[in-house]
Amino acid sequence: APGHTLAGKVPPSAFLGVRSLREDYLKPSVRADLTRNLKIIEERVVRDAAMLAPVASEERLACPRFAHLFAGGELMPHQVFIAALELGTAETLNGQHLPFDDEVLLLRDELVVAYKPLVGKIRQMRSKEIEDVPPKPVANFARAWTAFESAWLRNREVHAVHALQPLAKAILSLEPLLLSVEKERLLPWPRVKHQKVVTLKALEGFIHSLAELSATVLPSLCRELNHDPKLLLLMDHVLSLRGERSMSSCLDGASATPEVTFPDHHVLKNDMARSASPALTASGLAGEPGKGLALDAYAFRLLGASVGDAVASGKLKATSGNGQAGRAKLAMSGTALETAQLRGPGISHETAAGGAKETDISKRSAAIAEELLLAFENIKDLLLSLKSTLEHVDAALDRDQTFVAMLRNFERSFKRAKKLFLEPDNLA
């Protein structure tokens with residue numbers, strides 16, 4: 001039975017030298033014999049199957065995450081026995097120190113003790129001193145194997161579930177975001193504006209969960225320590241000003257979310273702003289102390305282009321985007337004065353995004369925005385692909401090269417975009 005052990009049959013003193021015994025069996029000269037010895041033991045177990053309890057534990061099927069250990073079809077895979085010999089008091093998954101139960105460590109020692117007499121018997125059999133391995137030590141080893149395998153796999157599954165909690169939270173927090181985005185597509189403008197606020201809240205929750213996931217997989221120097229979800233809205237705004245996109249994103253139109261403000265690092269006095277440009281004041285681009293800047297105003301200060309410029313130059317049309325389309329409709333249906341207020345003062349079609357005289361920072365911004373949104377989409381798609389396979393996923397995410405590469409790329413892109421778009425010194 002899985003819970004049966006040798007405790008009580010083997011004196012406690014037998015376990016005192018198990019550590020040195022494990023080290024001896026792991027030496028290259030001895031380790032090479034493990035596969036052969038286990039095969040001989042397995043053959044004897046198969047012959048005596050009618051008198052022995054099943055060796056394979058129920059956890060082999062209950063824990064598909066570790067199915068690769070038994071993919072070869074062996075009754076006693078050498079990988080499991082080597083793992084027992086190498087087993088310490090704890091394992092580390094995604095930077096978390098997870099101790100094994102005392103029961104697992106005791107069963108590990110019992111397994112090694114049960115293997116010791118078989119080594120001598122197999123040596124005698126190979127030298128023709130005996131005809132076959134005696135059944136009693138084989139039966140003891142089979143019972144010890146089943147008990148260890150069962151407890152070890154259960155313990156490792158508990159560790160895996162604990163270590164994968166940040167991943168599970170990220171996947172769960174992604175679902176409300178995608179659901180809200182889908183609802184946006186069904187609502188007309190301007191009713192969609194309320195749903196966009198819901199989408200932003202869901203985006204904030206997902207980015208928070210994603211940041212926690214990154215913290216368990218990546219070192220602090222390789223990730224952004226303070227993720228601002230509004231940066232993704234700004235990236236969508238940057239691309240929308242250029243018209244047609246080379247990529248699609250679930251955040252398409254997110255920049256039209258109402259009441260999104262950015263910190264005003266260069267607050268102008270009201271009288272200076274009004275004297276400098278009445279149109280700028282009327283459009284809200286001047287900003288107000290303590291209230292921050294609207295997304296359009298913030299982007300205008302940084303890039304020198306706004307939604308009005310994109311509409312007037314034909315870059316942004318009412319049929320493009322589920323969010324900016326509404327703003328384009330407002331711009332085109334408004335009066336000449338209202339349309340002018342949506343444009344930056346002194347900005348022509350040539351200086352707007354994509355124009356012949358576009359500023360250098362505006363050109364750079366498009367590439368950076370596309371890079372960040374593409375990295376975001378890749379992470380989103382990866383998490384969705386893992387949703388139905390969490391029971392099979394290797395819990396050591398920090399050793400998954402594909403996963404780490406995608407997460408690292410997103411963090412790098414986020415840090416780069418944040419430095420350019422949200423750092424005060426970069427604002428005009």
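**Group meeting: rings, a lysine and a pocket**

Let me start with one residue. Lys169 is partly exposed, because its relative accessibility is 44%, and that falls between the 20% and 50% cut-offs. Keep in mind that this is a predicted model.

Where is Lys169? It sits in helix H8, which covers residues 165-184. What does Lys169 touch, leaving aside its neighbours within four places in sequence? The contacts are Ser209 and Glu212. There is also a C-alpha distance to note here. Lys169 and Leu210 are 41 residues apart along the chain, and their C-alpha atoms are separated by 8.4 Å.

Now the whole chain. It has 428 residues, and 47% of them count as buried. The fold contains 18 helices and 4 strands. Take the contacts between residues at least 6 apart in sequence: 77% of them join residues at least 24 apart. The accessible surface comes to about 21,000 Å². Carbon and sulfur atoms account for 56% of that surface.

On to the aromatics. A pair of aromatic rings is described by the distance of the centres and the angle of the planes. How many aromatic pairs does a search of the whole structure find? The count is 11.

Take Phe81 and Tyr115. Their ring centres lie 4.7 Å apart and their planes meet at 55 degrees, so this pair is tilted. The pair links distant parts of the chain. Phe81 belongs to helix H5, residues 78-86, and Tyr115 to helix H6, residues 102-126.

Next, Phe141 and Trp145. These rings also make a tilted pair, with 5.9 Å centre to centre and 55 degrees between the planes. This one is local. Both residues are in helix H7, residues 135-163, and because they are 4 residues apart, about one helical turn separates them. Here is the background. An α-helix has 3.6 residues a turn, so residues three or four places apart point the same way. As for cover, Phe141 has a relative accessible area of 0% and is buried. Trp145 counts as buried as well, also at 0%.

Now put the two pairs together. Ring pairs link Phe81, Tyr115, Phe141 and Trp145 with Tyr25 into a cluster.

The charged end of Lys230 sits over the ring of Phe262, at 5.3 Å from the ring centre. Lys230 brings us to helix H10, which runs over residues 230-240. H10 is mostly covered, with 10 of its 11 residues buried. Among the buried ones are Leu231, Met235, Asp236, His237 and Ser240.

Last topic: empty space. Rolling a probe the size of a water molecule over the atoms shows where such space is left. I will take the second largest pocket. It holds about 240 Å³ of space. Its lining has 14 residues. Which of them lie nearest the centre? They are Phe66, Arg156, Asp394, Ala396 and Arg399. Two elements give two or more residues to this lining: strand E1, residues 90-93, and helix H7. E1 gives the most, with 3 residues. And H7 is the helix that carries Phe141 and Trp145.

Terms used: Residues numbered from 1 in each chain as written. Predicted model: local features only at pLDDT ≥ 70, side-chain atom pairs only at ≥ 80, totals over all residues. Heavy atoms only, no water. Phe/Tyr/Trp six-rings, centres within 6.5 Å; stacked < 30°, edge-to-face > 60°. Buried < 20%, exposed > 50% of the residue type's maximum accessible area, 1.4 Å probe, protein only. Lys NZ or Arg CZ within 6 Å of the ring centre and 35° of its normal. Contact = heavy atoms within 4.5 Å. Areas by Shrake-Rupley, 256 points an atom, 1.4 Å probe, with all protein chains shown as cover. 1 Å grid on protein atoms, 1.4 Å probe; cavity = no way out; pocket = protein on both sides within 12 Å on 5 of 7 lines; lining within 4 Å. Points joined across faces, edges and corners; volume = space filled by probe spheres on them.
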